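Look over the sequence and the fold below.

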Amino acid sequence: MKVIILAAGMSSRLRPLTSNKPKCMLKLSNETLIERQIKIFHSHNISDITIVTGYRSEVIDIPDVNYVKNKNYETTNMNESLFCALKPSSDPILVTYSDIVFEQKIIQQMLEITDGIRLAVNLNWKKHYQNRKNHPLSEAENVLVENERILQIRKNISKSLQNQQIGEFLGIMMLSSDHIRILLERYSYLKKNHIGAFHNSSSLSNAYITDMLQEIINCGINVKPVFIEGKWFEIDTPEDLKNTEKLIDKF
């Protein structure tokens with residue numbers, strides 16, 4: 001098992017807290033966000049960890065990990081950061097956003113099934129937005145699920161049929177070796193041939209991972225949810241950091 005942690009972003013909504021450091025180096029109870037993640041991965045005997053850096057990359061000083069820099073972090077987005085690090089692999093790869101805090105049992109659930117493309121999804125997601133005035137419900141990366149398959153993934157999905165469910169993608173994704181190859185092949189094709197807007201982003205270079213996942217879904221590849229149980233927080237604003245600080249000791 002390998003892990004890729006995406007930590008290239010500029011985190012402008014957290015300034016001035018991130019004026020001199022990337023978001024993943026903010027602390028909760030004397031541990032940085034990225035240290036918390038790595039401690040959980042180590043507890044599952046995962047040591048092959050790659051961090052994709054960009055903004056203030058020199059500040060991230062975690063020992064015994066691999067580093068890949070998205071040199072175009074100022075003009076690209078999460079999807080580009082992923083493909084800076086994603087290479088053919090005989091092992092599954094777990095991908096995480098660096099600005100999330102989660103319980104160990106969430107990773108345990110993700111490790112139980114490693115075939116295909118599987119996304120950590122919370123169906124009880126709206127409760128996480130009750131105290132987030134600066135991060136409204138419409139900003140959630142939603143998924144539309146039917147018969148254990150994800151049909152759509154994008155922000156602000158609000159309509160579903162009776163046999164469908166709307167959840168939130170939590171920024172944790174499992175990729176099998178076969179599906180890593182599928183993603184790499186599709187991305188290579190798009191880099192050579194795609195022009196203009198890309199799903200919900202202005203261009204391929206500025207795309208989110210959710211845009212690439214929707215592309216794969218549209219190509220007929222199954223993307224499946226893992227309905228997680230456990231505590232999870234996203235740190236996107238100073239308000240998020242304060243809210244999480246109040247609850248982190250209950251993990």
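Which residues have the most contacts inside the largest nonpolar core? They are Leu-86, Leu-119 and Met-173, in a core of 64 residues. A nonpolar core here is a set of buried Ala, Val, Leu, Ile, Met, Phe, Trp, Tyr and Cys residues joined through side-chain atoms within 4.5 Å. Buried means under 20% relative accessible area, exposed over 50%, and partly exposed in between, with a 1.4 Å probe and protein chains only.

This is a predicted model: local features need pLDDT of at least 70, side-chain atom pairs count only at pLDDT 80 or more, and totals for chains, interfaces and linings use all residues. Residues are numbered from 1 along each chain as its sequence is written, and side-chain values use heavy atoms, with hydrogens and water left out.

**Cores**

The largest nonpolar core has 64 residues. Strand 11 (residues 164-175) gives the most to this core, with 6 residues. Helices (H or I, at least four residues) and strands (E, at least two) are DSSP runs, numbered from the N terminus. Leu-86 touches Ile-4, Ile-93, Leu-175, Ile-180, Leu-183 and Leu-184, not counting residues up to four places away in sequence. Contact means heavy atoms within 4.5 Å. Another core, of 9 residues, lies apart from the largest one. Its members include Leu-14, Leu-33, Phe-233 and Ile-248.

**Pockets**

A pocket is found on a 1 Å grid over the protein atoms alone: it is an open set of points where a 1.4 Å probe fits, with protein on both sides within 12 Å along at least five of seven lines. Lining residues have an atom within 4 Å of a point. Grid points are joined across faces, edges and corners, and a volume is the space filled by probe spheres set on the points.

| Pocket | Volume | Lining | Nearest the centre |
|---|---|---|---|
| Largest pocket | about 830 Å³ | 36 residues | Lys-23, Asn-77, Met-78, Tyr-208 and Asp-236 |
| Second largest pocket | about 460 Å³ | 20 residues | Lys-127, His-128, Trp-232, Phe-233 and Leu-247 |

Strand 11 supplies the largest share of the largest pocket's lining, 4 residues. That lining divides into 17 nonpolar, 10 polar and 9 charged residues. In the second largest pocket the lining has 5 nonpolar, 8 polar and 7 charged residues. Ala, Val, Leu, Ile, Met, Phe, Trp, Tyr, Cys and Pro count as nonpolar, Asp, Glu, Lys and Arg as charged, and the others, Gly among them, as polar. Helix 6 gives the most to the lining of the second largest pocket, with 4 residues.

**Helix 6**

Helix 6 spans residues 238-247, and Glu-239, Asp-240, Leu-241 and Thr-244 are buried in it. These buried residues pack against strand 2 (27-28) and strand 13 (232-234). Why does Asp-240 count as buried? Its relative accessibility is 2%. Leaving aside neighbours within four places in sequence, Asp-240 is in contact with Arg-132, His-135, Glu-234 and Ile-235.

**Aromatic pairs**

The whole structure holds 4 aromatic pairs. Rings of Phe, Tyr and Trp (its six-membered ring) pair if their centres lie within 6.5 Å; planes under 30 degrees apart count as stacked, over 60 as edge-to-face and the rest as tilted. Phe-41 and Phe-102 form a tilted pair, 6.4 Å centre to centre with 45° between the planes. Phe-41 lies in helix 1 and Phe-102 in strand 7 (residues 100-102), so the pair ties together parts that are 61 residues apart in sequence. Phe-41 is buried at 0% relative accessibility, and Phe-102 is buried at 4%. Trp-125 and Tyr-129 pair edge-to-face, 6.1 Å centre to centre with 85° between the planes. Both Trp-125 and Tyr-129 are buried.
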